[in-house]
Amino acid sequence: MLRVAVIGGGPSGSCAAEILAKAGIETWIFERKLDNAKPCGGAIPLCMVAEFELPESIIDRKVRNMRMISPSNREVDISLDNVYGTEQKSEYIGMCRREIMDAFMRDRAAELGANLVNGLVTQIETGSNREGPYTLTYSDYSSGESTGESKSLEVDLIIGADGANSRVAKAMDAGDYNVAIAFQERIKLPEKEMKYYENLAEMYVGTDVSPDFYGWVFPKYDHVAVGTGTMQKNQSLIKSLQVGVRERAQKRLVNGEVIKVEAHPIPEHPRPRRVVGRMALVGDAAGYVTKSSGEGIYFAAKSGRMCAEQIVKSSQGGKIIPSEKDLKEYLKKWDSEYGTTYKVLEILQNIFYSNDAAREAFVEMCDDKDVQRLTFDSYLYKKVVPMKPWQQIKLTMLTLGSWIRGRALTPDTYKPVPSAVRDDEEVNAMLAVSTIKGGIKVGNKKAMPEAMRGGLKPPSTDKTPAVLSTNGSENLEEKS
Ligand SMILES: Cc1cc2nc3c(=O)[nH]c(=O)nc-3n(C[C@H](O)[C@H](O)[C@H](O)COP(=O)(O)OP(=O)(O)OC[C@H]3O[C@@H](n4cnc5c(N)ncnc54)[C@H](O)[C@@H]3O)c2cc1C
């Protein structure tokens, strides 16, 4: 019987292990930390809930409104009510805590027969020509001791589902990819502010929050995740960009308290090699996060499942060991199904996140109902709905018009968005005492490099932003 090790117990690993175990293949799934809270916004599309049979209990909030906020603070609601009407409430964007979602999917794979090992894989011997059999060395933490017990295991095939810092990718010489750096603070809010985010997520765009991506405020169970991302070349700016998000959203986050600070790399494109010998990469290890939206959870789960389905098929249900050629079939199917989606989102990011005029145009365009429908259909259901010719013409005119107006709307300075639950007098009085407790320090003015500013006033910080290590996720600070 075929022996498969899945390394990594995030969405990609669990979904792969589940399929293999269901087919009766001898499967091990390794997860170094069973209560791992992957730094993540935790937003998932509706189609994932049905497709991966996720229970409602893992969804903290059902968001029906995504509020886009432009550099000049123009606010546009991309709202499910606008697109699908107020009668139909079944559509939503799911907001999850990763520690809850990941544990559910991992435990399900184990219940179906996968051997769940609480262990950190430290070494992979790949055999001659990297074709296996493969010997894994790992520290087993199942006894609960902090120093794990060193063990080894021999397998015929490996699925690398071990995220952006993949050890499997190194062992198979998969080659490097560029990464973006994401930074996030989890902020606990007083009830009144939290109520405002009940059904709402916010996306901020502007040079102050990111030169090439967006900043976000996503609601979780009892707090909001506030963060931003930027390409690796700008990683030294990440903390000052986070200050930018905080400053813009400060009137909505008033009296919040930071309970966790975290950072993690996000792959920007697939690795040069995703299958070598009998080793295949899935999810972030392969590099399957989309540009523009930074979405990776669905694609991780889906790639894990597709790769495992290919293994089941090529091994005839575990009877024979699949070849490299067999495993590459999974890549062919993946690229043909999602290649265009990645390309289109990359083009959109290059156009609309390039400067503040383009960002103003982008937010203005999001006010259009056809644009909203297109956005939701492609995000929620992962399907590309062809536009009618008149819609295409309208969209082109809209793009041009917004592009021209965007230049005029570009602000000289960035200002906080108004509070949504208090009048100005009250919120200013509160801000005079304190804004957000804890997390990164916001104090003395420190300028961003001129090249980043585009002539605009920068956010302030009292520290030279630390360069974040991309070698593993970082829980930079944690409280309770
Ligand atoms: C700040 C931030 C916000 C994001 N927000 C969103 C969002 O809102 N929506 C969205 O769709 N995507 C988001 N993403 C992207 C998303 O988090 C990833 O695409 C997704 O987690 C990839 O899943 P995965 O299973 O491939 O890898 P991961 O989730 O990274 O899981 C890898 C697992 O492998 C384990 N592991 C690693 N090495 C070893 C080893 N040697 N031995 C044993 N175990 C190991 C880790 O502990 C981890 O549990 C965000 C990313 C970041 C950084």
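Here are some friendly notes on the predicted model shown above.

1. **Confidence.** The protein chain has a mean pLDDT of 88, and 89% of its residues reach 70 or more. One stretch calls for care: over residues 444-472, pLDDT stays under 50. The model does have 60 contacts beyond four places in sequence for that stretch. Still, where pLDDT is low, the predicted coordinates should not be read in detail.

2. **The main core.** Which residues have the most contacts inside the largest nonpolar core? They are Val 4, Val 6, Ala 16, Leu 20, Val 168 and Val 282, in a core of 118 residues. Helix α9, which covers residues 297-314, gives the most to this core, namely 9 residues. Both domain 1 (1-36 + 97-176 + 271-409) and domain 2 (178-267 + 430-478) supply at least three residues each to this core. Another core lies apart from it and has 5 residues, including Val 83, Phe 376, Tyr 379 and Leu 380.

3. **A look at Ala 16.** Setting aside neighbours within four places in sequence, Ala 16 is in contact with Val 6, Ile 159, Ala 161, Val 282, Gly 304, Arg 305, Cys 307 and Ala 308.

4. **Around the ligand.** There are 39 residues around the ligand, and those that come nearest are Gly 10, Gly 41, Gly 163, Gly 283 and Gly 296. Several elements give two or more residues to this shell, among them α1 (11-22), β2 (26-31), β12 (179-188) and α9. By type, the shell divides into 16 nonpolar, 15 polar and 8 charged residues. Domain 1 and domain 2 each provide at least three residues of the shell.

5. **A loop residue to check.** Ile 59 sits in the loop between α2 (46-51) and β4 (61-63). Is Ile 59 buried or exposed? Ile 59 counts as buried because it has 21 C-beta neighbours inside 10 Å, and the cut-off for buried is 20 or more. Not counting residues up to four places away in sequence, Ile 59 touches Gly 94, Met 95 and Cys 96. Ala 43 is 16 residues apart from Ile 59 along the chain, and their C-alpha atoms are separated by 9.5 Å.

6. **A mostly covered helix.** How many of the 10 residues of helix α11 (residues 356-365) are buried? The count is 8, so by the cut-off of 20 or more C-beta atoms within 10 Å this helix is mostly covered. Among its buried residues are Asp 356, Arg 359, Glu 360 and Glu 364, along with Ala 361, Phe 362 and Val 363.

Key: Residues are numbered from 1 along each chain as its sequence is written. This is a predicted model: local features need pLDDT of at least 70, side-chain atom pairs count only at pLDDT 80 or more; totals for chains, interfaces and linings use all residues. A nonpolar core is a set of buried Ala, Val, Leu, Ile, Met, Phe, Trp, Tyr and Cys residues joined through C-beta atoms within 7 Å. A residue is buried if 20 or more other C-beta atoms lie within 10 Å of its own, exposed if 12 or fewer, and partly exposed in between; C-beta atoms are placed from the backbone. Helices (H or I, at least four residues) and strands (E, at least two) are DSSP runs, numbered from the N terminus. Domain bounds come from an automatic or database domain assignment. Two residues are in contact if their C-beta atoms, placed from the backbone, lie within 7 Å. pLDDT is the predictor's confidence in each residue, from 0 to 100. A residue is near a molecule or strand if its C-beta atom, placed from the backbone, lies within 6 Å of it. Ala, Val, Leu, Ile, Met, Phe, Trp, Tyr, Cys and Pro count as nonpolar, Asp, Glu, Lys and Arg as charged, and the others, Gly among them, as polar.
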